[in-house]
Amino acid sequence: MMIALWILLAVEVVARIVLEVREARLTQLSGGAFAVFRAIPVVNDIVPLPESRKEPLTGNFVKFHEEGHRVNHHSILRNLFKVTVLMLAVGLLVLLMARYGAPLWVAVLWLHVVAIPGRILFHFYCWNQEFESDKYALEATDKHVAKNALRELASCEIPHTALFSLVYREHPSAALRKKKLLGR
């Protein structure tokens with residue numbers, strides 16, 4: 001059990017370093033200290049990834065986008081997803097410590113390893129909510145307003161590739177949103 005854990009943690013570190021190098025090459029941006037923190041297991045669960053350089057301007061598209069979140073009850077659904085995952089996490093910790101006699105630190109490391117695909121699934125779920133709210137906002141405004149709002153968002157955010165965003169961010173990049181919404 002311990003050997004498998006150490007192997008999985010080593011694979012995670014290598015995969016995260018490869019992802020960081022890939023991201024730096026494709027975007028021509030260095031990750032700085034955050035790149036180092038993202039490569040260290042468990043620390044990467046705590047250190048957040050900055051998503052924006054500055055806050056975008058709030059226009060009609062943004063207002064309708066947020067209204068789309070409210071109308072579709074996205075915050076409730078996200079919180080329900082988080083509570084479900086939290087309950088599963090507690091169950092896993094109890095199982096590992098009570099049934100298998102694992103010390104707390106080993107159980108936490110296993111939880112970290114198991115949470116990686118769960119976090120990616122959660123990000124994918126959040127992305128679909130963002131796309132749904134973008135569609136709602138487009139229907140309430142028009143293509144020109146949507147295009148300008150997404151251009152403004154792109155100028156404010158730190159650009160990332162789709163894979164990097166899926167691993168680390170709850171929001172898709174403006175480029176992905178524009179492609180999904182406007183087909184470009």
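Predicted model: local features only at pLDDT ≥ 70, side-chain atom pairs only at ≥ 80, totals over all residues.
**View 1. Helix 1 (residues 2-27) packs with helix 6 (residues 104-140).** Helices here are DSSP runs (H or I, at least four residues), numbered from the N terminus. The angle is about 45° and the axes, lines fitted to C-alpha atoms over the stretch in contact, are 11 Å apart. Contact means heavy atoms within 4.5 Å; among the residues making it are Trp-6 and Leu-9 of helix 1 and Trp-110 and Ile-116 of helix 6.

**View 2. Arg-16 and Glu-12 meet in a salt bridge.** That's a side-chain nitrogen of Lys or Arg within 4 Å of a carboxyl oxygen of Asp or Glu; here N to O is 2.7 Å. The two are four residues apart in helix 1, so about one helical turn separates them. Arg-16 and Glu-12 are both buried (under 20% relative accessible area, 1.4 Å probe, protein chains only).

**View 3. Arg-177 forms a salt bridge with Asp-134.** Their closest N and O atoms are 2.8 Å apart. Arg-177 sits in helix 9 (residues 174-182) and Asp-134 in helix 6, so the pair ties together parts 43 residues apart in sequence. Salt bridges with shared partners join Arg-78, Glu-130, Asp-134, Glu-170 and Arg-177 into one network.

Key
Residues numbered from 1 in each chain as written. Heavy atoms only, no water. Axes fitted to C-alpha atoms, helices over the stretch in contact; angles between N-to-C directions. Buried < 20%, exposed > 50% of the residue type's maximum accessible area, 1.4 Å probe, protein only.
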